[in-house]
Amino acid sequence: MPKTALDEAATVIKMTLLSNDDWANFGKYKAANEQLKAPAKKEKRVVFMGNSITEGWGKHNPEFFEKNPSYINRGISGQVTQQMLLRFSPDVIDSEPKGCCYTCRN
């Protein structure tokens, strides 16, 4: 924005807002959610939901989730609570967990 008006009588500044149709980032785990089968009868599925802390667990220690297929990581770096609340249903509830672990710093 200029500090002073270009023309005192009339100044029009055109702004273009970038659209983000997937603000909550539903697309990140969409394919994984579609491939996820219903939990086995005695399975104790746990979904880890959060921001970079949670996503980092999967990146820095992928063996943990590979050895524990009932533990599902749904962390997304940079997310805030409002975004996680929007994707809570498709990324957590729909996977039918017995429990959920949530981490976020807002």
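**View 1. Salt bridges of the predicted model.** The structure holds five salt bridges, a salt bridge being a side-chain nitrogen of Lys or Arg within 4 Å of a carboxyl oxygen of Asp or Glu. Lys28, Glu55 and Lys59 are linked in a network of such bridges. This is a predicted model, in which local features need pLDDT of at least 70 and side-chain atom pairs count only at pLDDT 80 or more, whereas totals for chains, interfaces and linings use all residues. Residues are numbered from 1 along each chain as its sequence is written, and side-chain values use heavy atoms, with hydrogens and water left out.

**View 2. The pair Glu34 and Lys30 in helix 1.** The closest N and O atoms of this salt bridge are 2.6 Å apart. The two residues are four residues apart, about one turn of the helix. (Helices are DSSP runs of H or I with at least four residues, numbered from the N terminus.) Glu34 is exposed, at 57% relative accessible area, and Lys30 is partly exposed, at 49%; buried means under 20%, exposed over 50%, and partly exposed in between, with a 1.4 Å probe and protein chains only.

**View 3. The pair Arg87 and Asp91 in helix 4 (residues 81-91).** The closest N and O atoms of this salt bridge are 2.6 Å apart. Arg87 is buried, at 0% relative accessibility, and Asp91 is buried, at 2%.

**View 4. The salt bridge between Arg45 and Glu43.** The side chains meet at 3.2 Å, N to O. Arg45 counts as buried, with 5% relative accessibility, and Glu43 is buried, with 16%.
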